[in-house]
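Dear colleague,

Please find the structure below, handed over for your own work. My notes on what was found in it follow directly after.

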Amino acid sequence: MFSRITSQLHGESNSLYRIRQELQSQGHIIRDLVSGNINDQGFVFPQDLLEDILVRGSRACRIYRPDSFGNQGAREAISRYYQNRGYAIDPGNILLTPGTSLSYLYCFKLLADEGDEILCPCPTYPLFDYIALLSGVKLTSYKLDEERNWAMDLDHLEACISTKTRALVLISPHNPTGHISSFNEIAAMADIARRHDLAIISDEVFSEFLLTGESLPRPAGTGAPLVCTLNGFSKMFALPGIKLGWMAISGDPGRVQKALRSLELISDTFLPVNEIVQACVPEIFALGDAVKNNFAKRIRECWRIAQELLQQSHALKCTIPEGGFYVTLKLSDLDEERAVETILRENHILIHPGYFYDMAAGHLVMCFVQQPEILQNLLPDLIGTLDRLAEGI
Ligand SMILES: Cc1ncc(COP(=O)(O)O)c(C=O)c1O
């Protein structure tokens, strides 16, 4: 009765989450230092502002007149967003989606047939496995180099390209390493894409949260043959529940037109983005700008506090993130599984072992976007446990 992939579509339960469940059933409160849903950490778009915008949005769409690319005003606002950052992307080259995860599915469908390969960074946020399974494509990976702040190893990346590779995925700022690819790195990647005739899928969901530097280098400004730039409101305005994302298509005009024709049909098949939300996009950009800047400032402060505390540990070394919400911690001679389980049992703090993100042994991953007092309360306990374990006590 069921398809072949159905048997692979079930969540895996791992020992860390079983321990968390056991502790919660005993009445313990577990503090989550990995969730990327920053609404839980007190980063919330102002209620009154959102209400006003949504009311006006609902008026604008009482009569249903859908556009398969998405509301024109919304696409113009997104185009202005790029223009203000020095990138010319026509509103006609932008497609609204219900979030970046769906944008990935559209990209995979657009670019790859069953069995074709999409080359993704490793380590990576575990987002792609099920999207790839659903779209029948195979994920392959290129390594990021921890010694160079998790930058791409471009020779290695090029060596990973096979005759079946159809696209390169770039995530910058990267989740979970926090690396921001430089102009040079991106230009070299674009050069590889051009030589092998590959598309670049550029995931920029953390674009507004730079810890160093003022502006984000983007593949859209390069000579790559086709670039699908993905972003949305879930991180940018801390509005994951609004479900608004987009794909901005740039590159060789012929390729861009072909991509847009297909994407229009994919999108028209479902017309998936809520019309009220689409109508709200220009106002969320305009009125939410100060909110966004305030989030970014608070996130930089979170990192300052977390860095100061983490540097006091003898048991770990962190690679300083340049953007995003996460930091990778390298343990000196400590088993990460034992570390995360002990921290969970003794300190009631959930952090992830690096292997959840395909990192080599001996790493942890933590989200530093938390209330400052929570960081100040929890990190000394976490560090104390790690230092104690490292000393063999
Ligand atoms: C790198 C990266 N890309 C995409 C997403 C998903 O974004 P969206 O909420 O727009 O689907 C996430 C979510 O955390 C992410 O970390």
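In this predicted model, four strands make up an open sheet whose order is β10-β11-β14-β13, with antiparallel pairing. The edge positions are taken by β10 (316-319) and β13 (352-353), and because each of these has a single partner strand, one side of each is left without a neighbour in the sheet. The partner of β13 is strand β14 (residues 363-367), to which β13 is joined by two bridges in an antiparallel run, and across this pair H352 stands opposite V365 in β14.

For M366, once neighbours within four places in sequence are left aside, the contacts are L33, V34, Y326, V327, L329 and I351.

As for R388, this residue sits in helix α13 (residues 372-390). Is R388 buried, exposed or partly exposed? R388 counts as partly exposed, because it has 13 C-beta neighbours inside 10 Å, whereas a residue counts as buried with 20 or more and as exposed with 12 or fewer. R388 and H314 are 74 residues apart along the chain, and their C-alpha atoms are separated by 9.6 Å.

Finally, the ligand is surrounded by 14 residues, of which G99, T100, S101, N175 and S234 are the closest; the shell divides into five nonpolar residues, eight polar ones and one that is charged.

How values were computed:
Residues are numbered from 1 along each chain as its sequence is written. This is a predicted model: local features need pLDDT of at least 70, side-chain atom pairs count only at pLDDT 80 or more; totals for chains, interfaces and linings use all residues. A residue is near a molecule or strand if its C-beta atom, placed from the backbone, lies within 6 Å of it. Ala, Val, Leu, Ile, Met, Phe, Trp, Tyr, Cys and Pro count as nonpolar, Asp, Glu, Lys and Arg as charged, and the others, Gly among them, as polar. Two residues are in contact if their C-beta atoms, placed from the backbone, lie within 7 Å. Two strands pair if DSSP finds at least two bridges between them.
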